[in-house]
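Student: Could we go through this structure together? I would like to begin with a single residue and then look at the rest.

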Amino acid sequence: MKTVLIIRLGRLGDVTLTGPTIKNLRFLYPDARLVLVTRKAYQEVAAMLPGLTESVAFPDDGGYLDLMRLSGRLDEYNPDLVVDLHKNFRSFHLAALSKAPYRVVYHKRRKERQEAVSQKKFVDPVPHTVDLYNQVLTQLKGEIIARTPDMLVPPEALWGAGGKREGVAMAPGASSPVKAWPAERFAALAERLLFDYKLPTSVILGERDAALYNAFKHLPPDSVTPYLQRPLAEVA
């Protein structure tokens, strides 16, 4: 395989969890060009995934015409293999329209996911998303070596800006309220960590999460630091 296209359009956590599968693909095809197709908002994440060669962006608000344009652009990569780690309408079309002779798709277990979100009904044991993604390696007769997500943060981001080195970081937001632990409970945990262990808290907030910080405002100002819509490398 000379070029492998990996499709995972969103969201932030799901794109991050592609890391182990990308690493395993790198072990399987050490000389291949590994290209992640994702939304523009997540290219910053893609740049920190070990083993990935590059990423190609789909517009954050892209429609069907953007999908067709992207399909034409991907053909320029002359891919040998498409790995669909999203399994939705857009990823299906990108894979189907590709000239790649080989395609594999992960088993999304859609019904179980819907029941978990809407009815709080869970299978036992609950399969981890990383393990579901890694199943594509079985289809490709490859070995599953990496199972833990990690990111390569640029050294200048770690040491250039200083910042707090002790404490706890919390990210109370989520793409959907049903996926989120209540912010008041995060704040209660931050209070316990402060008074029991003298640990300050950094609160990581996305653009839509600003109001969640109100739950922390009863704590001493020097014990809680908000980071609103900051670049991921800086947050790390």
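**Working through the model**

Tutor: K120 is exposed, with a relative accessible area of 51%. Exposed means over 50% relative accessible area, buried means under 20%, and partly exposed lies in between (1.4 Å probe, protein chains only). This is a predicted model, in which local features need pLDDT of at least 70 and side-chain atom pairs count only at pLDDT 80 or more, while totals for chains, interfaces and linings use all residues. Residues are numbered from 1 along each chain as its sequence is written, and side-chain values use heavy atoms, with hydrogens and water left out.

Student: Where is the place of K120?

Tutor: K120 sits in the loop between helix 6 (110-119) and helix 7 (129-139). Helices (H or I, at least four residues) and strands (E, at least two) are DSSP runs, numbered from the N terminus. The C-alpha atoms of K120 and L140 are separated by 34 Å, the two residues being 20 apart along the chain.

Student: How many helices and strands are in the protein chain?

Tutor: The protein chain has 10 helices and eight strands. Its C-alpha trace spans about 60 × 45 × 35 Å along the principal axes, and 39% of the 236 residues count as buried.

Student: Which strand do bridges join to strand 7?

Tutor: Strand 6 (residues 168-170) runs parallel to strand 7, and three bridges join them. Two strands pair if DSSP finds at least two bridges between them. For A169, the bridge partner in strand 7 is S202.

Student: Changing topic, how many salt bridges does the structure hold?

Tutor: The structure holds six salt bridges. A salt bridge is a side-chain nitrogen of Lys or Arg within 4 Å of a carboxyl oxygen of Asp or Glu. One of them joins E54 and R33, with the closest N and O atoms 2.8 Å apart. This pair links distant parts of the chain, since E54 is in strand 3 (residues 54-58) and R33 is in strand 2 (residues 33-39), 21 residues apart.

Student: What separates D66 and R69?

Tutor: About one helical turn separates D66 and R69, because they are three residues apart in helix 4. Their side chains meet in a salt bridge (3.3 Å, N to O). D66 counts as partly exposed at 24% relative accessibility, whereas R69 counts as exposed at 55%.

Student: Finally, which residues make the nonpolar surface patch?

Tutor: Y64, M68, F89 and L97 make a nonpolar surface patch of about 390 Å². Patches are made of residues with over 30% relative accessible area and no salt bridge: like charges are joined within 9 Å, nonpolar side chains (Val, Leu, Ile, Met, Phe, Trp, Tyr) within 5 Å. Accessible areas come from the Shrake-Rupley method with a 1.4 Å probe; for residues, only the protein chains shown count as cover. Helix 4 (64-75) and helix 5 (89-97) each supply at least two residues of the nonpolar patch.
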